[in-house]
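Okay, everyone, thanks for making time. Today I'd like to walk you through the spaces inside one protein and what lines them.

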Amino acid sequence: MTSKEIKIAYLEYESIDQLDNRDRELAEAAIEATKGSYAPYSGFNVGAAVRLDTGETIKGSNQENAAYPSGICAERTAMFYASATYPENAIEAIAIAASQNGILCDTPATPCGACRQVMAQYQTKGGRQMEIILVGGKKIWKFDKVDDLLPLIFDSI
Ligand code: THU
């Protein structure tokens with residue numbers, strides 16, 4: 001038997017002003033995208049912004065439904081739209097922000113398991129690492145690739 005360990009490296013920033021210009025713009029787009037959220041059940045307004053390899057930014061937000069499983073997270077809204085509209089372009093980065101009652105949450109919202117799996121799929125499809133930027137009012141976390149949020153990714157069919 002061998003004991004093994006997986007370590008995750010990420011960067012923590014105190015403010016989006018500490019990000020480089022492109023990442024700051026993506027973080028701001030994610031915050032802006034929270035305004036499109038339709039979350040009458042949870043009151044948790046999530047925004048996501050993806051940056052394509054063309055530099056174009058696409059926004060998405062969570063959309064809830066009275067039949068709960070019919071709703072969808074912000075990240076998948078943005079990624080599905082990006083892939084459906086620009087099937088030839090890789091997603092370079094995704095930023096995610098969440099607000100409640102119009103106020104950006106201090107701590108970053110971390111993507112659910114289903115969204116991580118979808119990120120993994122588009123990272124493989126794009127053939128390059130997808131950066132993930134989780135935007136909170138008091139902390140910003142940046143990961144280099146989806147593998148960091150989903151170790152031992154399933155992608156083997
Ligand atoms: N949600 C997202 O859109 N993204 C996340 O990363 C976490 C959760 C949504 C789903 C649901 O509409 C609400 O937030 C509460 O879970």
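Before anything else, a definition: a pocket here is an open set of grid points, where the grid covers the protein atoms alone, with protein on both sides within 12 Å along at least five of seven lines. A molecule sits in a pocket if more than half of its atoms lie within 2 Å of the pocket's grid points. And please keep in mind that this is a predicted model.

So, where is our ligand? The ligand takes up the space of the largest pocket. About 160 Å³ of space lies in that pocket. Its lining has 9 nonpolar, 2 polar and 1 charged residues. Among the lining residues are Phe-44, Val-46, Ile-72, Ile-96 and Ala-109.

Now let's look at the ligand's own surroundings. The residues around the ligand include Ser-42, Glu-64, Thr-110, Pro-111 and Cys-112. By class, this shell divides into 6 nonpolar, 3 polar and 2 charged residues.

Which atoms of Asn-62, Glu-64 and Ala-74 come up against the ligand's oxygens? For Asn-62, a polar side-chain atom lies 3.0 Å from a ligand oxygen. With Glu-64, an N or O atom in the side chain is 2.6 Å from an oxygen atom of the ligand. Ala-74 does it with its backbone: an N or O atom there lies 2.9 Å from a ligand oxygen. As for cover, the ligand taken alone exposes 370 Å², and the protein buries 76% of that.

About 40 Å³ of space lies in the largest cavity.

Who lines it? That would be Ala-82, Ser-83, Asn-89, Ala-90, Ile-91, Tyr-122, Lys-125 and Gly-126. Two elements give two or more residues to this lining: helix H2, running 74–85, and helix H3, running 113–126. H3 gives the most, with 3 residues. By class, the cavity lining divides into 4 nonpolar, 3 polar and 1 charged.

To wrap up, the picture I'd like you to take away is the ligand in the largest pocket, with Asn-62, Glu-64 and Ala-74 each putting an atom by a ligand oxygen.

How values were computed:
Residues are numbered from 1 along each chain as its sequence is written. This is a predicted model: local features need pLDDT of at least 70, side-chain atom pairs count only at pLDDT 80 or more; totals for chains, interfaces and linings use all residues. Side-chain values use heavy atoms; hydrogens and water are left out. A residue is near a molecule or strand if one of its heavy atoms lies within 4 Å of it. A polar contact is a pair of N or O atoms within 3.5 Å; within protein, one must be able to donate a hydrogen and the other to accept it, and residues adjacent in sequence count only if both atoms are side-chain atoms. Accessible areas come from the Shrake-Rupley method with a 1.4 Å probe; for residues, only the protein chains shown count as cover. On a 1 Å grid over the protein atoms alone, a cavity is a set of points where a 1.4 Å probe fits but cannot get out, and a pocket is an open set with protein on both sides within 12 Å along at least five of seven lines; lining residues have an atom within 4 Å of a point. Ala, Val, Leu, Ile, Met, Phe, Trp, Tyr, Cys and Pro count as nonpolar, Asp, Glu, Lys and Arg as charged, and the others, Gly among them, as polar. Grid points are joined across faces, edges and corners, and a volume is the space filled by probe spheres set on the points. Helices (H or I, at least four residues) and strands (E, at least two) are DSSP runs, numbered from the N terminus.
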